[in-house]
Amino acid sequence: MGMTATEIETMIRAALPDAEVTITDLAGDNDHYAAHVVSGAFAGKPRVAQHKLVYEALGGRMGGVLHALQLTTAVPN
């Protein structure tokens, strides 16, 4: 059993309230997603730290309930 795009978006926004989140279900199976997250919380942080914030927001679901997440992050313009 996977996660819905809405569940992923909700969890990310709960941890990063200013986030603009775009989720795409890559395979239509609720297991393989792409996420693009834009947040001011990423300012001044290297990409690895930005991704860590998103993974932490997902509460350890990566590799379990959420099989794969292609992640891109950015700071607002």
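**Reading helices and a sheet**

Guide: On the other side of helix 1, Thr6 and Ala14 are exposed. Here, exposed means over 50% relative accessible area, buried under 20% and partly exposed in between, with a 1.4 Å probe and protein chains only. Helices (H or I, at least four residues) and strands (E, at least two) are DSSP runs, numbered from the N terminus.

Visitor: What should I know about the model itself?

Guide: This is a predicted model, in which local features need pLDDT of at least 70 and side-chain atom pairs count only at pLDDT 80 or more, while totals for chains, interfaces and linings use all residues. Residues are numbered from 1 along each chain as its sequence is written, and side-chain values use heavy atoms, with hydrogens and water left out.

Visitor: Which residues of helix 1 are buried?

Guide: Ile8, Met11 and Ile12 are buried in helix 1. Viewed down the axis of helix 1, its buried residues fall within an arc of 95°, so they line one face of the helix. The arc is that of the directions from the helix axis to the C-beta atoms. These buried residues of helix 1 pack against strand 1, strand 2 and helix 2, where contact means heavy atoms within 4.5 Å.

Visitor: How is a sheet to be read, and in what order do the strands lie here?

Guide: Strands of a sheet pair through backbone hydrogen bonds, either parallel or antiparallel. In this model, three strands form an open sheet in the order 1-2-3, with mixed pairing. Strand 1 (20-25) and strand 3 are the edge strands, each pairing on one side only. Two strands count as paired if DSSP finds at least two bridges between them.

Visitor: How many bridges join strand 2 to strand 3, and how many join strand 1 to strand 2?

Guide: Strand 2 and strand 3 run parallel and are joined by seven bridges; tyrosine 33 stands opposite leucine 69 in strand 3. Strand 1 and strand 2 pair in the antiparallel sense over six bridges, and isoleucine 23 stands opposite alanine 35 in strand 2. Strand 1 and strand 2 also form a hairpin with six residues between them, and glycine 28 in the turn has a positive phi of about 70°.

Visitor: Where does helix 2 lie, and which of its residues are buried?

Guide: Helix 2 lies across strand 2 and strand 3, running at about 125° to strand 3. For such angles, axes are lines fitted to C-alpha atoms, for helices over the stretch in contact, and the angles run from 0 to 180 degrees between N-to-C directions. In helix 2 (residues 47-57), Gln50, His51, Val54 and Ala57 are buried. Seen down the axis of helix 2, these residues fall within an arc of 115°, so they line one face of the helix. On the other side of helix 2, Val48 and Lys52 are exposed. The buried residues of helix 2 pack against helix 1 (5-15), strand 2 (32-38) and strand 3 (68-74).

Visitor: What does histidine 51 touch?

Guide: Leaving aside residues up to four places away in sequence, histidine 51 touches Leu71, Thr72 and Thr73. Histidine 51 is buried, with a relative accessible area of 17%.

Visitor: Where is valine 37 found, and is it buried or exposed?

Guide: Valine 37 is found in strand 2 and is buried, with a relative accessible area of 0%. Not counting residues up to four places away in sequence, its contacts include Ile12, Val54 and Leu71.
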